[in-house]
Amino acid sequence: MYAKFHSIGAYVPSKVLSNADLEKMVDTSDEWIIKRTGIKERRIAAENEYTSDMAAKASELAIQRAGLAKEEIDLVVCATVTPDYFNMPATACIISDKLGIRNVQAFDISAACSGFVYALSVAKAFIESGMKKHVLIIGAEKFSSIVDYTDRTTCILFGDGAGAAVISATEDKSEAIIDIHASADGSYADFLVTPAPGAVHPASEQVLAQGLNFVQMKGNETFKLAVKTLTQDVKNILAHNNIDSKDIPHFVPHQANYRIIKAVGDALKMSDEQVVLTVHKYGNTSAASIPMAINDIYESGRLKKGELMLLDTFGGGLTWASGLMPFAGE
Ligand code: UT7
């Protein structure tokens, strides 16, 4: 039994946070943000709109596009670092409930921006082992809930959104996911961290006063490591599968910063047509970034059945992952 990338869906909140808006909030400029990141705007969820709400909307679309009844989903995996609740229940359980899917195995994955590709590797393994047939995987973030909007080094980067895919069993090897490489190096854990709440820093007045509930990032160090790791990761997966970068119609990198994407694309000799870009309109949506980008090329008609996608991502942990597969949806 093989696993195929059966369908894609995404949801973005309607509220736009532009660079002009951020100019009024912190000491920054539209020019600086565009030059250093390529980001023009990002979406922000409504106050009463949570990760599970966005995820459920993206999932409805993915399930419908797979031509499945909800009851046919036998595993729900949600990748997020902005879960509805930090300890329990898992956001995947809440999403399942919002979708009306009961008695289904459901759990979350915490791998920051690499979460969706990590979830893909889990879905592939469950299907290939014969344990599941249709796995719903989700990358969803209400990142605005952990951003300090007085910190100009982080607040200009992140946005909210969700993407979902159905990964299904198939006996046809030509439509199967070809390969996934996923890895981590915890010695860089302090490069990207949300210190609280957690067992190290349980919620307290001091935690709030020190802003430990907000994301902290060593931006420049992360940037350099991202370029190096993403490039090497793609080279490895292409070499391992004997595929040339020019034969990849859709390179879907994590959307963290246009300069990172450009540097990696150039190092791999990819043309602008091959590289999928959404960072200008959505910013960095962490685990949601890759499925939102796939949905973007799907909805614009650029992604056709059978065409190869190369996914490549990097994030907190530090984690990284790449995946190679044909799009097996209609
Ligand atoms: O998704 C997970 C992975 N995350 C990433 O891959 C993010 C990686 N990092 C980045 O994208 C970039 O490092 C940033 C966009 C965060 C920062 O860009 P940079 O080119 O690395 O800038 P920098 O941190 O070296 O800062 C350069 C200058 C500093 O001023 P001085 O010390 O040179 O006077 C900063 O204080 O830019 C200043 N600066 C800003 N100025 C205007 C930092 N943020 C801003 C800002 N507006 N928003």
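Modeller: A polar contact is a pair of N or O atoms within 3.5 Å; within protein, one must be able to donate a hydrogen and the other to accept it, and residues adjacent in sequence count only if both atoms are side-chain atoms. The model is predicted, with local features needing pLDDT of at least 70 and side-chain atom pairs pLDDT 80 or more, while totals for chains, interfaces and linings use all residues. Residues are numbered from 1 along each chain as its sequence is written, and side-chain values use heavy atoms, without hydrogens and water.

Asn284 has a side-chain N or O atom 2.7 Å from an oxygen atom of the ligand. For Asn257, the distance from a side-chain N or O atom to a ligand oxygen is 2.7 Å. Arg259 has such a side-chain atom 3.3 Å from an oxygen of the ligand. The protein covers 74% of the 960 Å² of accessible area that the ligand has on its own (Shrake-Rupley method, 1.4 Å probe).

Next comes the shell as a whole. There are 23 residues around the ligand (a heavy atom within 4 Å). Thr28, Arg36, Asn220, Asn257 and Asn284 come nearest. By class, the shell holds 10 nonpolar, 9 polar and 4 charged residues; Ala, Val, Leu, Ile, Met, Phe, Trp, Tyr, Cys and Pro count as nonpolar, Asp, Glu, Lys and Arg as charged, and the others, Gly among them, as polar.

Which helices supply at least two residues each to the shell? They are α2 (30-37), α7 (219-240) and α8 (258-267), where helices are DSSP runs of H or I with at least four residues, strands are E runs of at least two, and both are numbered from the N terminus. α7 gives the most, with 4 residues.

Why does the ligand lie between domain 1 and domain 2? Domain 1 (2-174) and domain 2 (179-326) both give residues to the shell, so the ligand lies between them (the bounds come from an automatic or database domain assignment).

Now the backbone. Most residues other than glycine have a negative phi, and most peptide bonds are trans. The bond from Ala196 to Pro197 is cis, with omega near 0°, and Pro197 is in the loop between β9 (192-193) and α6 (205-209). The bond from Gly317 to Leu318 is also cis, with omega near -15°; Leu318 is in the loop between β12 (308-315) and β13 (319-326). Ala112 has a positive phi of about 50° although it is not a glycine.
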